[in-house]
Amino acid sequence: MNSVQGLLAASVISIQNSRFIYPACQNCFSRLILDSRRFNCLKCGCTGEAKDANYRYRLSLKIADTNDLFDITVFGSCLDPLFGVTAENLQRYIQGFNQLSGETNTELSTRVLVQAVEACFVGKRFIFGV
């Protein structure tokens, strides 16, 4: 799963999702089902307290090289240097922002984050391991 078959130099055309962080299972990296107190992994059955859930990056992009358009998804800690923090810490920052601003609707923080990610990625060229 982590083996690179080839490299692709391409430019980011657009961001395909607005949720860049997800609660991830420590065992299989699948998305966790969270309620107010517990988490559950439907794939491997892992459970625990919601406050102990780990978070992981998932960035879906539309990219283009000189000939073709591609939809790709980049997962995990390889995005830490590009975001400047781990997914876990970014999730904490977002939660702190929402609490300080009194936001019950997370739409504002999501919109601001999407704008920042678009400014940093769209129109930039990267080398992707595929």
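Ser-30 touches Tyr-22, Pro-23, Ala-24, Cys-25, Cys-41 and Lys-43, leaving aside residues up to four places away in sequence, where contact means heavy atoms within 4.5 Å. Ser-30 sits in the loop between strand E2 (21-24) and strand E3 (33-34); strands (E, at least two residues) and helices (H or I, at least four) are DSSP runs, numbered from the N terminus. With a relative accessibility of 17%, Ser-30 counts as buried, a word that means under 20% relative accessible area, with exposed over 50% and partly exposed in between (1.4 Å probe, protein chains only).

Please keep in mind that this is a predicted model, in which local features need pLDDT of at least 70 and side-chain atom pairs count only at pLDDT 80 or more, while totals for chains, interfaces and linings use all residues. Residues are numbered from 1 along each chain as its sequence is written, and side-chain values use heavy atoms, with hydrogens and water left out.

Now to the aromatic rings. A search of the whole structure finds six aromatic pairs, and rings of Phe, Tyr and Trp (its six-membered ring) pair if their centres lie within 6.5 Å, with planes under 30 degrees apart counting as stacked, over 60 as edge-to-face and the rest as tilted. The pair of Phe-83 and Phe-121 is tilted, because the ring centres are 6.0 Å apart and the planes stand at 45 degrees. Phe-83 belongs to helix H1 (residues 80-83) and Phe-121 to helix H3 (residues 107-121), so this pair ties together parts that are 38 residues apart in sequence. Both Phe-83 and Phe-121 are buried. Ring pairs also link Phe-20, Tyr-57, Phe-83, Phe-121, Phe-126 and Phe-128 into a cluster.
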